[in-house]
Amino acid sequence: MAGMQQGYAYADSLILLVPQFEGHLIAMDILNSEVSASHFTLVSATFVLLLTIATAKLLFPSNPGGSLPLHGAEYGISPRRVLQYMYNAQSMYLEAYSKFRNTVYRITTADGEKVVVPLKYVEELRSKPEEEINNAKALEKVFETKITGLTTETHFLNHLIRADLTKKLPQIIGRLAEEVERSVRTELPQAETWTSININERVSRVLAIVSGNVLVGPPLCYDEEYLHAAMNYSKDISAAIRALKIWPRFMRPTVQHFTPQVGVIRKYRGKAKKMLEPLIKELRSMRAKGNPLPDTMLAWMVEKAEQFQADDDELANTQLILIMAGIHTRTMTITHILYDLAAYPECVEDLRDEINAVLAENNGVMSAQALFQMKLLDSFLLESQRHNPPAFSDMSSSPSRSRTGHRSRQGSSIETPHIAVTKDPEFYPDPETFDPYRFYRLRKGETPDPIGHKNTEQYQFVTVTKENMGFGYGRHACPGRFFAAAEIKLLLARILLEYDRQDARWSGGAALCQRRRGELLYCRY
Ligand code: HEM
């Protein structure tokens, strides 16, 4: 991202003493380190990975064994541990949580060895400045940035999302609601009888159109080539990364030339530029003439391009990152929610009643205020996310060594548990139960708050806490979550209002039987 890199810091044997890691003194020995700015990624891991200390070294002085315990040591040599991780990461992390709930340990992943720190250290780590701890290096490894070109630098993007998209959300929500209504009608079946569809594909297309309305605006958001890119970019990136990761790290730079998936993703950049260039030119000319620009991300980008020294390549690339960051994550979230609605139909009527009551109070308008008032819907979203944690980001990298001299390999990351935390009865009583009303009751003060937040409004879908890192946590928490939540609620409210209205067929055996094939049965009201 031209002009966006926030200086790289190089240092030789710089030892930083970081006071207390719960009483432990940690020394970070930054050797030839590159510390770059923030970035993000979406990685199918079973953890939220935290806080990069690029090529730094951590000391864990009170580690009596001379080295941190290695979870999965019983699987043998490193390649076998990696294999085990690639197929069983989730169960390995869950098992480790019960073993090492309060202690630091190591685990061998496809991206090298990582240090897993318990939740109690999270606040301390997140308060470290980016020069000491940042997530760039680890994400570059996770994304294979050198090969895929997928930048982990999101300064420009974060600014646009926070200063433009989120700020202007109240004024664009009406437009989004209209687009949701229109695309649901065109993209979901209008059948009077029960019809089987691949809901994941349909939702992905609806979201590509609705988000496209805000990202680039009509008519491009209806263009088939644009929609194809929007729906497939993130899938194709993941496929390329997966294909590379089956090879040992040292072979990946060579193997890339024989990996067709890598070729596929490189073509996207050229295509995106070709598609967007005429629009960018038009927006620039409107701006030069002093005409008002439309409320789209692309227009906001054009307005701020000079300030952020972003050329057309950068604008096209930033649009691709936006697509990658948003479409897949939201599609998965909504797909899970729809399955959860099918599996737990008892509250469908309550949800519909809430939506109708809120709409009546807001003159039938799906405003930002109306969405905020849909608290049961919000609770359902959060409970569904708790049971189906989304993709996560990797934010750490640091070689580590104990006081007695053990060094972990350069570039390993610091992670902190996520899934296991959302299933921890201390934070979520009766954690295996899917309770759509769980967070609704907590917010209303009807059930005691097990975490003891200062304010029970913390139990909102968009709120990030260390006990709920569905959208990450800290400096790099997802900036798009407010937009994502609004879109998800608009779409669900529309589906709940218009489909399957009169009986409880959400739970029809057929719907659940179809689950494995990614299909649900729908009938329009
Ligand atoms: C349900 C939908 C979404 C989920 C579950 C989700 C989840 C996440 C997570 C877990 C992170 C990593 C945070 C971290 O590194 O600590 C993240 C980062 C990010 N997300 Fe989202 N996200 C969603 C939607 C979106 C949307 C719609 C956008 C864009 C409008 C977006 C833009 C970003 C960006 C730019 C980052 C990087 C932030 C940084 O590194 O500073 N996300 N997201």
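Predicted model: local features only at pLDDT ≥ 70, side-chain atom pairs only at ≥ 80, totals over all residues.
Local features are taken only where pLDDT is at least 70, and side-chain atom pairs count only at pLDDT 80 or more, while totals for chains, interfaces and linings use all residues. Residues are numbered from 1 along each chain as its sequence is written.

**The chain as a whole**

- The chain has 19 helices and 11 strands; these are DSSP runs (helices H or I of at least four residues, strands E of at least two), numbered from the N terminus.
- Of its 525 residues, 45% count as buried, where buried stands for 20 or more other C-beta atoms within 10 Å of a residue's own, exposed for 12 or fewer and partly exposed for anything in between, with C-beta atoms placed from the backbone.
- Among contacts between residues at least 6 apart in sequence, 74% join residues at least 24 apart; a contact needs two C-beta atoms, placed from the backbone, within 7 Å.

- H7 covers residues 199-215 and reaches 23 Å from its first C-alpha to its last, close to the 24 Å expected for 17 residues at 1.5 Å a residue; the expected span is 1.5 Å times one less than the number of residues.
- Because 15 of the 17 residues of H7 are buried, this helix is largely enclosed by the rest of the structure.
- How do H7 and H12 cross? Their axes come within 9 Å, at an angle of roughly 140°; axes are lines fitted to C-alpha atoms, for helices over the stretch in contact, and angles run from 0 to 180 degrees between N-to-C directions.
- That angle makes H7 oblique to H12, given that under 35 degrees counts as roughly parallel, over 145 as roughly antiparallel, 65 to 115 as roughly perpendicular and the rest as oblique.
- Residues making this contact include Val203, Leu207 and Ser211 of H7, along with Gly326, Arg330 and Ile334 of H12.

**Backbone details in the loops**

- Just after H7, glycine 217 takes a positive phi of about 80°.
- The peptide bond from proline 218 to proline 219 is cis, with omega near 0°, and proline 219 sits in the loop between H7 and helix H8 (224-245).
- Glutamine 309, in the loop between helix H11 (297-304) and H12, has a positive phi near 50° although it is a residue other than glycine; with 12 C-beta neighbours inside 10 Å, glutamine 309 counts as exposed.
- Asparagine 363, another non-glycine, has a positive phi of about 50° and belongs to the loop between helix H13 (348-361) and helix H14 (368-373); its 8 C-beta neighbours inside 10 Å make asparagine 363 exposed.

- UniProt places a "binding site" feature at Cys478, in an unreviewed entry; UniProt positions follow the numbering used here, feature names are shortened, and annotations may be inferred rather than shown by experiment.
- Cysteine 478 lies in the loop between helix H17 (438-444) and helix H18 (481-498).
- Is cysteine 478 buried or exposed? Cysteine 478 is buried, because 24 other C-beta atoms lie within 10 Å.
- Neighbours within four places in sequence aside, cysteine 478 is in contact with Phe471 and Gly472.
- Arginine 106, in strand S6 (residues 105-109), is buried, with 23 C-beta neighbours inside 10 Å.
- The C-alpha atoms of arginine 106 and leucine 497 are separated by 49 Å, and the two residues are 391 apart along the chain.
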